[in-house]
Amino acid sequence: MPEPVALVPLERIERRILVLRGRKVLLDADLAEIYGVSTSRLNEQVKRNQKRFPEDFAFRLTNREKAEVVAICDNLHGLKFFPTQPLAFTEHGALMAATILNSPAAVEASVWVVRAFVRMRQVLLAHREIAKRLDALDLKVAGHDASIRGLVSALRALTQPPPDPPKTRIGFAKAP
């Protein structure tokens, strides 16, 4: 069965995923755009359904986090002028937002949002695995360094000519 065409390309969603407070999140403006609703509509629904959004699903940015996000993300430059702090949605929060919006477009887009989060997780795990292998290789090589030094010094000793035997003196020896 061919893969369905996404409403929003997966790469476009992935580019909007940020890491804040050690979590991968999508900001309310980006999530609203992906789900095809206005940011105010999304925030209104979240406010009406606050019990569905505990701190690990969605949280408000601090002034400092908002300033960092505005500085880093070109598409969020207008956020600087908003009087309220944006909401950040984790993967679970993004899914919950799709359920409260309850539009076919939001439900379909939520599948792509989850796929983007999963793909990012896989990429991070791959990077972690590579880092782990490099650390193991580094430890192996460090252990070999001492062995190689010992081998080189042994080879140098073998390539050196033997020391000259002590010379005996020619001539008469004094009697004791």
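How many salt bridges does the count come to? The count comes to seven salt bridges, a salt bridge being a side-chain nitrogen of Lys or Arg within 4 Å of a carboxyl oxygen of Asp or Glu. This is a predicted model, in which local features need pLDDT of at least 70 and side-chain atom pairs count only at pLDDT 80 or more, while totals for chains, interfaces and linings use all residues. Residues are numbered from 1 along each chain as its sequence is written, and side-chain values use heavy atoms, with hydrogens and water left out.

- Arg 16 and Asp 30 form a salt bridge whose closest N and O atoms are 3.2 Å apart.
- This pair links distant parts of the chain, with Arg 16 in helix 1 (residues 10–16) and Asp 30 in helix 2 (residues 28–35), 14 residues apart; helices (H or I, at least four residues) and strands (E, at least two) are DSSP runs numbered from the N terminus.
- Asp 30 is buried, at a relative accessible area of 3%, and Arg 16 also counts as buried, at 15%; buried means under 20% relative accessible area, exposed over 50% and partly exposed in between (1.4 Å probe, protein chains only).
- Glu 33 joins Arg 16 and Asp 30 in a network of salt bridges.
- A salt bridge also connects the side chains of Arg 21 and Glu 55 (3.4 Å, N to O).
- Here too distant parts of the chain are linked: Arg 21 lies in the loop between strand 1 (18–20) and strand 2 (23–27), and Glu 55 in the loop between helix 3 (39–48) and strand 3 (58–60), 34 residues apart.
- Arg 21 is partly exposed at 40% relative accessibility, as is Glu 55 at 46%.

- Glu 44 and Arg 48 meet through their side chains in a salt bridge (3.9 Å, N to O).
- Both residues lie in helix 3, four residues apart, which is about one turn of the helix.
- Arg 48 is exposed, at 59% relative accessible area, whereas Glu 44 is partly exposed, at 34%.

- Beyond its neighbours within four places in sequence, Phe 53 is in contact with residues including Val 46, Phe 89 and Met 96, contact meaning heavy atoms within 4.5 Å.
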